Amino acid sequence: MTLSFQTAKDMFARIQQHMPHGPAWKSSTVTLPDAPNEPQIFFYRDIIECVKFLFGNPKFRDSMVYEPYELYEEDGKTRVYHEMYTGKCWNELQVSCEGIDKRLTAAHMERNCIVKASRRRDGPINHIGI
Amino acid sequence: MHAVYLSLGNISKGERKAISNGAWILLAEIPSNGFGKTKFETKVKTKKMPGLLKHQRFHKCLAKVLEPLHTFQPSADRSCLYPAIDAEGYRRECFPVLMAWIADLEEQWDILGLAKNSCPKCRARHGQLDHACLCETRTGQQILGVLRQIGDKFPDASSFQFMREAKKEGLSGVEELCWEGLTVDMCRAICIDSLHTYHKMFGDHVMAWITHTIGEADLDAHFSAQPHRIGARNFSAGISHLSQLSGKEWRDMERHLAPVIAGHSNASPRVLKSIRGLLDFIFKALFPMHSDHTLAQMMQDHEVFRQNRTIFISNGSRDIDHMKIPKLHYLPHTKSNVEDLGTTDNFSTEPCESLHVTHCKNAYKATNRKAYRTQIIRYLV
């Protein structure tokens, strides 16, 4: 078998170079007026770059939703909720003209704006035991 | 060190649940160390200031991280949109919105700039936490309005004085909140997470009352006498020796609990009613799909629990004579949360807790424990 790499180190170098990976890290310093002697360094990534990275991952091809929906039971009155796109927040923010299954109310029709939105959820800020 | 993770609401919750799918990305690492080098003049300040400084640092760092979002304000033209390639390779015009923020209750207070013992979703203060009806809805604008009022009233106040004034209004004392200026109402975006709100609450409060009511030895004996059940953890050695349980284990304990306590001489009808109400509520709150009907039933179950829970005070299981517990007050807000953002399994902290193992704990182990934060970032790149 002919491989394009000879050593494990070579393989990892190729992965680093050629495989897609997340956006670059940046660092920044925050100095609080009440603690001038202790500048605080923190690390972060550009939030829009991160969103683009997740948004374009072909792995999620079949599980991406770009528009909100209002789901109802068969009686047409009882509202059903499950994914984020069935919730009221998303429905209030984004109104789609091409809603196929989405029931448009009169108020929505009037606003009639088309925005393809990518919704963001921010993860938790958790304490780590270090 | 705090870690902030990011995912997209566009991705289905099934994909988001398993961390190996790569639906989450580490967005920022924020320091959480103390302020050892800074000295304060008075004793009170030495006690109070480090906490305030930590809150301020948290908001300053996150404001920097969230800064790019400010350029995307809704407008009539398309200038607020940015182009991105979607999962199928098409170009889409996108608009970023911070829709949901997953955190446990303690962190929710930090994020919203609220003092402890207040409710993130409504304006209830400590005295009103056990009221039957929910107070007026809290909004991000209202919090910012109160902060502005205090700022106008005391324009030259130091941050310590500002904190004292803010505490009177039920706020934590941070002047500049990181989400100020974003289009979303932060009080709606904060979500109830099932791990802490239901399971930890159950473990911290309700299990303690039950243990006191039934007695530790009897409870152990009843648990170990349960028939073996496949698919859930069996507590054949009792539960009193357990500590540091995971969300899944609490859930399994909740499954067993009702038959375990039924029939015991100390389990009066009111004890059983309240526990049944609570368990029904928890399991309904965890439904992966809800309708208006199930939400109404869930609220009824909560009402049964609320009406009967005072039995734990009268039988001496809870030694404080009120039920003003923030976590208990928070439960009925599940309904509005589900209606706004979808069911609670969208917002469990469990995947994020697992991400800590790969992104932070393993990364820390790979360092030489000296100036480890830079090394962790290098490890993750």
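1. Tyr81(A) has His290(B) as its bridge partner, the latter lying in β7(B). Strand β4 of chain A, residues 79-81, pairs with β7(B) in the antiparallel sense over 2 bridges. Strands are DSSP runs (E, at least two residues) and helices likewise (H or I, at least four), numbered from the N terminus; two strands pair if DSSP finds at least two bridges between them. The model is predicted: local features need pLDDT of at least 70, side-chain atom pairs count only at pLDDT 80 or more, and totals for chains, interfaces and linings use all residues. Residues are numbered from 1 along each chain as its sequence is written, while chains are lettered from A and ligands numbered from 1 in the order in which they are written.

2. This pairing belongs to an open sheet of 3 strands in the order β3(A)-β4(A)-β7(B), with antiparallel pairing.

3. Across the interface, 63 residues of chain A are in contact with 82 residues of chain B (contact: C-beta atoms, placed from the backbone, within 7 Å). Helix α2 of chain B, residues 43-66, gives the largest share of chain B's side, 9 residues. That side divides into 45 nonpolar, 20 polar and 17 charged residues. Ala, Val, Leu, Ile, Met, Phe, Trp, Tyr, Cys and Pro count as nonpolar, Asp, Glu, Lys and Arg as charged, and the others, Gly among them, as polar.

4. Chain B is divided into domain 1 (2-72 + 94-191 + 349-380) and domain 2 (194-347); the bounds come from an automatic or database domain assignment. Their centres, taken over C-alpha atoms, are separated by 28 Å. The contact takes 18 residues from domain 1 of chain B and 21 residues from domain 2 of chain B. On the domain 1 side, the residues divide into 9 nonpolar, 3 polar and 6 charged.

5. In helix α8 of chain B (residues 216-224), the buried residues are Leu219(B), His222(B) and Phe223(B) (buried: 20 or more other C-beta atoms, placed from the backbone, within 10 Å of the residue's own). Seen down the axis of α8(B), these buried residues fall within an arc of 100°, so they line one face of the helix; the arc is that of the directions from the helix axis to the C-beta atoms. Their cover includes α7 (194-214) and α9 (247-261) of chain B.

Definitions and conventions:
Two residues are in contact if their C-beta atoms, placed from the backbone, lie within 7 Å. A residue is buried if 20 or more other C-beta atoms lie within 10 Å of its own, exposed if 12 or fewer, and partly exposed in between; C-beta atoms are placed from the backbone.
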